[in-house]
Amino acid sequence: PKIDARLAINNQTFVGACVYNTQPHLMQATYTNGYANPQFQWQLSTDGGQTWSNIPGAITTSYLSNVTLPGTYQYRLLIGDGPNINNPVCRIASKPVVIQINDIPKIDAIDSLFPCTGTTANLIASGGGQYLWNGPNGFTANIANPSIPNIDYIQAGMYEVRVTSDSGCINRDTTRMLVRPAVNMAVSADQAICEGNSVQLS
């Protein structure tokens with residue numbers, strides 16, 4: 001006999017999802033019957049197929065997976081004749097069906113910036129593959145660490161970065177910018193002074 005397990009949603013053997021967008025996935029199997037009393041058992045592996053565990057009560061040709069935590073989950077269906085379903089030598093297994101739950105990217109963005117007017121502010125973020133910044137005064141940038149030259153008060157406020165991982169999962173973070181006035185310094189002209197005398201600097 002032969003047995004083939006697939007996802008009902010796409011008739012494929014792989015599906016990926018982000019951790020915030022998980023949903024139950026129905027798996028179904030077809031087989032060619034070469035047994036007088038075919039019995040079934042779904043198994044799960046979370047270590048890349050090195051070890052397999054029976055799923056209690058999953059003994060039909062369909063199984064509904066409800067995994068929600070990040071990880072790679074492999075499912076397969078065993079078929080055997082009667083009690084031989086419990087004998088590894090006398091049963092066969094389908095190829096694995098893989099459900100991959102991807103975590104959101106871990107963003108590391110600077111919390112606050114305090115640039116002075118006329119200087120350059122450097123926004124900093126990491127943890128993803130693609131970046132999109134948005135902020136006051138129509139600011140946008142699609143790099144991780146953009147710079148804003150010649151800062152003015154209208155550029156103060158909240159800057160949001162949307163980070164997308166290589167697996168397509170999205171996370172967001174913000175940086176608060178508070179613009180301070182530049183310090184204006186004026187130094188008095190050069191003065192000659194004799195040793196032992198004093199002079200007022202301004």
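**Working through the model**

Student: Leaving aside its neighbours within four places in sequence, what is S165 in contact with?

Tutor: S165 is in contact with P105 and G129, once the neighbours within four places in sequence are set aside. Contact here means heavy atoms within 4.5 Å. Before going on: this is a predicted model, in which local features need pLDDT of at least 70 and side-chain atom pairs count only at pLDDT 80 or more, while totals for chains, interfaces and linings use all residues. Residues are numbered from 1 along each chain as its sequence is written, and side-chain values use heavy atoms, with hydrogens and water left out.

Student: Fine. Where is S165 found?

Tutor: S165 lies in the loop between strand 15 and strand 16. Strands are DSSP runs of E, at least two residues, numbered from the N terminus.

Student: Is S165 buried or exposed?

Tutor: Buried, because its relative accessibility is 14%. The cut-offs are under 20% relative accessible area for buried, over 50% for exposed, and partly exposed in between, with a 1.4 Å probe and protein chains only.

Student: And what does its side chain make a polar contact with?

Tutor: The side chain of S165 makes one with the side chain of S167, at 3.0 Å. A polar contact is a pair of N or O atoms within 3.5 Å; within protein, one must be able to donate a hydrogen and the other to accept it, and residues adjacent in sequence count only if both atoms are side-chain atoms.

Student: Change of topic: how many disulfides does the structure hold?

Tutor: It holds 1 disulfide, a pair of cysteine sulfur atoms within 2.5 Å by the rule used. The partners are C18 and C169, with sulfur atoms 2.2 Å apart.

Student: Which parts of the chain does the pair link?

Tutor: Distant ones: C18 is in strand 2 (residues 14–18), and C169 is in the loop between strand 15 (157–164) and strand 16 (170–177), 151 residues apart.

Student: Why is the disulfide left-handed?

Tutor: The torsion about the S-S bond of C18 and C169 is about -105 degrees, so the disulfide counts as left-handed.

Student: Cysteines, then: how accessible are C18, C169, C90 and C116?

Tutor: C18 is buried at a relative accessible area of 12%, and C169 is buried at 0%. C90 is partly exposed at 33%, and C116 is partly exposed at 27%.

Student: Do strand 10 and strand 16 pair parallel or antiparallel?

Tutor: Parallel, over 2 bridges. L113 stands opposite M177 in strand 16.

Student: Which strands does strand 7 pair with?

Tutor: Strand 4 joins it antiparallel through 8 bridges, with R76 in strand 7 as the bridge partner of Q43. Strand 9 (residues 97–102) pairs with strand 7 antiparallel over 5 bridges, and there V97 is the partner of Y75. Strand 8 (residues 91–93) is joined to strand 7, antiparallel, by 3 bridges, with A93 as the partner of L78.

Student: How much of strand 7 is buried?

Tutor: Strand 7 (residues 71–81) is mostly covered, with 8 of its 11 residues buried.

Student: Last topic, rings. How many aromatic pairs are there?

Tutor: The count is 4. Rings of Phe, Tyr and Trp (its six-membered ring) pair if their centres lie within 6.5 Å; planes under 30 degrees apart count as stacked, over 60 as edge-to-face and the rest as tilted. One of the pairs is W42 with Y63, tilted, at 6.2 Å centre to centre and 35 degrees between the planes. W42 sits in strand 4 (residues 38–45) and Y63 in strand 6 (residues 62–65), 21 residues apart. W42 is buried at 0%, while Y63 is partly exposed at 21%.

Student: What about F139 and Y159?

Tutor: F139 and Y159 form an edge-to-face pair, 5.5 Å centre to centre with 70 degrees between the planes. F139 is in strand 13 and Y159 in strand 15, 20 residues apart. F139 is buried at 15%, and Y159 is buried at 0%.

Student: Which rings are linked into a cluster?

Tutor: Ring pairs link W42, Y63 and Y75 into one.

Note on methods
Helices (H or I, at least four residues) and strands (E, at least two) are DSSP runs, numbered from the N terminus. Two strands pair if DSSP finds at least two bridges between them.
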